[in-house]
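Hi everyone, thanks for making time this morning. I'd like to walk you through one chain of a complex, so let me put it on the screen.

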Amino acid sequence: MFARRVALLISALPLVSGAQDAAPLITVPALTPVAVRLEELISSNKNKIGDHFRITVAEDVRVGEALVIPAGSAGEGEVIHAAKSGAGGKAGELILAARYVRVGDVEVRLRSFALGVVGKDQAANSLAASMIIGPFAMFVKGGVITVPPATLGIAKTALEFKLPAIVTSTPAGQSVESIKGEENESKVD
Amino acid sequence: MNRKLISLGIAALAFAPCVTLSQDNAPTTPASDAAATGTVVFFREKKMMGAAISYKVRENGVELCKLGSGSFCTVKVPVGKHAYVTKTEATDVLNMEVESGETYYVQASISMGVMAGHSNLAPSTKEVFDGMKAKLKDNTGKDLDPPKK
């Protein structure tokens, strides 16, 4: 009886271990750039400090060949500072932060949000942003500041995360396979 | 007794990967810790208007920087939310969130008031600061009173 139980438990071992192979976890290093799109209008006149706003990932984030954060992943940002323009020529002020994007059950925390020109660095085939406005997304302008929906910015992952590689379908009816990601070796400045 | 222990051991071995799997999605490397700091550069352009008025930047009553016309201060601050306050005729507050290893630029100015003018702190950029840095005097840590007890 005992021998049977032992045999049963031992035979179950490979099945449990095999579950890990189904979704390989990819290490996403801290400070990985994430292109972000604002999904709603933010105004220095209407929004207040602490207001939250919707954001989405504007472009797939890959580690090596593995897709880890797909474009369209939803998340949230926060208004850090908002000041209306006032008398005596006081300009309107707005500072925004990207807080997180959600990938499956994982909340990927973000930092260093900057709104500006986001482009593709062709040499490195990675996202690069012209940080024309410093390490935070801020605006100063005489009058009301309005940041329209679909404004692009760039944030960075705040921590190192392990995310499952997203399964992508191949064109023209070919079989669907999991992307077998390697440990990330890319460097982020 | 021994049989029970062996069974328990094997069962624990069998389910160990499940436990590891559920922990693997958690963030593993904190990008900032409690001791992490960022840098805030407060600067004020050299201008005739309001040149006679200088004012201090404070946080929670602690003086961080005294800004006269054409001066700047570099202040290391802990990571997290901050509210910097200046007060002349009117009070102005700039809320910021400092992240580890980042440098933030804050431009101070003074606008028309009845007596002493209205001081203002506004977020700015490295480019703006660099453009006028040569004409600014470094006032970091100078002319500050110790915190009141």
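Let me start with a question: is Glu89(B) buried, partly exposed or exposed? Keep in mind that this is a predicted model. Glu89(B) has 16 other C-beta atoms within 10 Å. A residue counts as buried at 20 or more and as exposed at 12 or fewer, so Glu89(B) comes out as partly exposed. You'll find Glu89(B) in the loop that links β5 (80-87) and β6 (91-98) of chain B. If you follow the chain for 18 residues you get to Gln107(B), and the C-alpha atoms of Glu89(B) and Gln107(B) are 18 Å apart.

Now let's step back to the whole chain. Chain B has two helices and nine strands, and from the N terminus the order is α-β-β-β-β-β-β-β-β-α-β. Of its 149 residues, 31% count as buried. Looking at contacts between residues at least 6 apart in sequence, 64% connect residues at least 24 apart.

On to the sheet. Five strands of chain B make an open sheet with mixed pairing, in the order β8-β7-β1-β4-β9. At its edges are β8 (118-124) and β9 (137-138) of chain B, each pairing on one side only. Inside that order, β1 (residues 37-44) and β4 (residues 71-78) of chain B run antiparallel and are joined by eight bridges. If you want a spot to look at there, Phe42(B) sits opposite Cys73(B) of β4(B).

There is also a hairpin to show you. β2 (residues 55-59) and β3 (residues 62-67) of chain B pair antiparallel, with five bridges. Glu59(B) has Val62(B) in β3(B) as its bridge partner. Two residues lie between the strands, and Asn60(B) in that turn has a positive phi of about 50 degrees.

So which element of chain B has the lowest mean pLDDT, and which the highest? Helix α1 (residues 2-24) of chain B is lowest at 44, while β4(B) is highest at 96. Over residues 8-24 of chain B the pLDDT is below 50, and that stretch has 18 contacts in the model beyond near neighbours in sequence. Residues 28-32 of chain B also stay under 50. For chain B overall, the mean pLDDT is 79, with 72% of residues at 70 or more. For the complex, the predictor gives an ipTM of 0.73 and a pTM of 0.71.

Technical notes: Residues are numbered from 1 along each chain as its sequence is written. Chains are lettered from A and ligands numbered from 1 in the order in which they are written. This is a predicted model: local features need pLDDT of at least 70, side-chain atom pairs count only at pLDDT 80 or more; totals for chains, interfaces and linings use all residues. Helices (H or I, at least four residues) and strands (E, at least two) are DSSP runs, numbered from the N terminus. Two strands pair if DSSP finds at least two bridges between them. Two residues are in contact if their C-beta atoms, placed from the backbone, lie within 7 Å. pLDDT is the predictor's confidence in each residue, from 0 to 100.
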